[in-house]
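These are my notebook entries on a single protein chain. I set down what I looked up, entry by entry.

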Amino acid sequence: MSVQKEGVADILRPAAAFALGTISVLAFEPYGAGLLFPAALSLLLTLTLTSGSASGAFLLTFLFAFAMNSFGLWWIHVSMTEFSGVPMIAAVLAIMALASYLALYPALAAFLSSRLFGRMRAVRAMLAFPALLFFANFLMGCVMTGFPWLMPGYTQENLPFIGYAPLAGEKGITVLLASSAGAIACFILSIRKRRAWLFLLLPAVLTVTGAALSGNLYTAEQKKVRAALMQGNIPQAIKWNPEEIVPTLRNYELLSKPYVIHPGTVDLIIWPESAIPALEHILGKFLGELSAIMKDSRIGFITGFQHYEPENLSSESGGRYYNGVVGMGLIDTEGKMSYVEGEGNRYYKRHLVPIGEFVPFPGILRKMGRFFNMPMSSFTRGDEIQPNFMAHGLNVSTAICYEIAFPEEMRVNLHDDTDFILTVSNDSWFGHSDGPVQHLTIARMRALEFQKPLLRVTNGGITAAFSARGQELGRIGLDRRGVLEVAFRPARGSTPYQRFGDWPLTIICLAALAISLIARRLCAERK
């Protein structure tokens, strides 16, 4: 009979882990049931703590993360099937391969915590696994350029744990979330014992402390600035057609015209990523004239653009292409500066999207099909550290599209005198899916971590703005043409997370592992 029960358990445990991973997707936006994630993780840890082997813990955690990423990242297929001609079956297999790869990281953390700490449930669940998960997520964010997308911390933006964001960032929230889930798992497994309730003190204290910290503001807000964020909603299928250059520019000019002919209405006009659908040197005269008009109207103007830099000035071949953002119009408050083609007051994207913006091993992959030859997939990386550019006397730190998911890379270009964060994007590649909403959630976390207002301007949605406290100031939804007018307060100064990044958390996690190893040694000596 016991053998039969064990056989049933061997089937039910993996099925339960997969089901929990599927349910956990609902904790992310656009569903927003944030409490589901710690609940699902607590039950997963309950399963892994009783699995009896490190390989069992690996398998259960892998299935959980595989299900979460498979369903949570399903939206990626839109860019593959609709814009690259990839058959649906191939897209499904590609997403499953990506989900499998991403699942390896937390599964490895579960394997190591089980292998090293065996039946020391409290140490394993509350210290070792959260610490190892931190290092696993760190690797996930940098190996092969990184893909830190469905991170658990993003599920907590409207819950008490968000109070830790300016102190420890999203990764810190994830560690505390995992530690709390581990404590709940220990409570479930010890529920018949007299003092089992003591395990619940950890999540209770962390929740109350997070709520108390939520009111703290580490930066100083300045005088209000008025901005107009333009969402042109140019269909992705025609965006890069040469015949559409003039209609596209006309579209954005019409959106901007009311503010230009009525000076003083706004201080900033911002167009999205690649709003100028041609290389800078081709439209240099147009940009110069546009900058002069904006300057005369005392408007700071920012737009996404593409820059070509030939290696040989006498040749148009073999050069470098950059995805950038440039500040024009009224740059400083005295109006002494303006646009200069190819020079100054700009930012070039440094963290490029694999396949979308650069193709590794191009000599091999580009021969394999249309998916590896998407439009604008041959960019050059910008410098790691770039100065803030200026617009209307404000210092602007920029992240283009995918870069907003990498806070450690962003913080090196954030300073005490940075006034706000700008992120421009084009999520039209992903249609009406969960992708753009998840992307918006990631952007909001950066406002919460650095306590700087964040303006997000996109081609087809979601364009939005957040205050230094992470409060939404307004948005334009998907697939709509329009202008978002917002009044926001620039914020100067730095949060602890901006100053120190992940280093304090790294030290804490190393200390947690050291304590766990000491506890294991003491336990072995007693035996």
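This is a predicted model: local features need pLDDT of at least 70, side-chain atom pairs count only at pLDDT 80 or more; totals for chains, interfaces and linings use all residues.

**Entry 1: surroundings of E253**

I began with E253, which touches W271 and F286 once residues up to four places away in sequence are left out. I located E253 in helix α9, residues 245-261. The relative accessible area of E253 is 28%, so I class the residue as partly exposed. I also looked up its separation from P87, which is 166 residues away along the chain: the C-alpha atoms of E253 and P87 are separated by 38 Å.

**Entry 2: R411**

Is R411 buried or exposed? I read a relative accessible area of 15%, under the 20% cut-off, so R411 is buried. I then followed its side chain to two backbone oxygens. That of R499 is reached at 2.8 Å, and that of Q498 lies 3.0 Å from a polar atom of the R411 side chain. Not counting residues up to four places away in sequence, I list F450, Y497, Q498, R499, F500 and G501 as touched by R411.

**Entry 3: helices α7 and α8**

I note that two packed helices are described by the angle between their axes and the distance between the axes. For α7 (residues 165-189) and α8 (residues 201-213), I find that the axes come within 9 Å and cross at roughly 155°. An angle over 145 degrees counts as roughly antiparallel, and α7 and α8 are therefore roughly antiparallel to each other. Which residues meet between α7 and α8? On the α7 side I record L167, L176, S179, S180, A183 and I184, and on the α8 side L202, P203, L206 and L213. Sorted by class, this contact of α7 with α8 has 8 nonpolar residues, 2 polar and no charged ones.

**Entry 4: aromatic rings**

I found 21 aromatic pairs in the structure. F62 and F66 are both buried. I also recorded one aromatic cluster, formed by W75, F147, W149, Y402, F406 and F430.

**Entry 5: backbone geometry**

As background, I note that most residues other than glycine have a negative phi, and most peptide bonds are trans. Where did I find cis peptide bonds? One joins E29 and P30, with omega about 10°; P30 sits in the loop between α1 (2-24) and α2 (36-49). Another runs from G461 to I462, with omega near 10°, and I462 lies in the loop between β10 (454-458) and β11 (463-466).

N233 has phi near 55° and lies in the loop between β2 (225-231) and α9. With 21% relative accessibility, N233 counts as partly exposed. Q451 has a positive phi of about 50° and is placed in the loop between α13 (435-450) and β10. I class Q451 as buried because its relative accessible area is 5%.

Note on methods:
Residues are numbered from 1 along each chain as its sequence is written. Side-chain values use heavy atoms; hydrogens and water are left out. Axes are lines fitted to C-alpha atoms, for helices over the stretch in contact, and angles run from 0 to 180 degrees between N-to-C directions. Helices (H or I, at least four residues) and strands (E, at least two) are DSSP runs, numbered from the N terminus. Angles under 35 degrees count as roughly parallel, over 145 as roughly antiparallel, 65 to 115 as roughly perpendicular and the rest as oblique. Contact means heavy atoms within 4.5 Å. Ala, Val, Leu, Ile, Met, Phe, Trp, Tyr, Cys and Pro count as nonpolar, Asp, Glu, Lys and Arg as charged, and the others, Gly among them, as polar. Rings of Phe, Tyr and Trp (its six-membered ring) pair if their centres lie within 6.5 Å; planes under 30 degrees apart count as stacked, over 60 as edge-to-face and the rest as tilted. Buried means under 20% relative accessible area, exposed over 50%, partly exposed in between (1.4 Å probe, protein chains only). A polar contact is a pair of N or O atoms within 3.5 Å; within protein, one must be able to donate a hydrogen and the other to accept it, and residues adjacent in sequence count only if both atoms are side-chain atoms.
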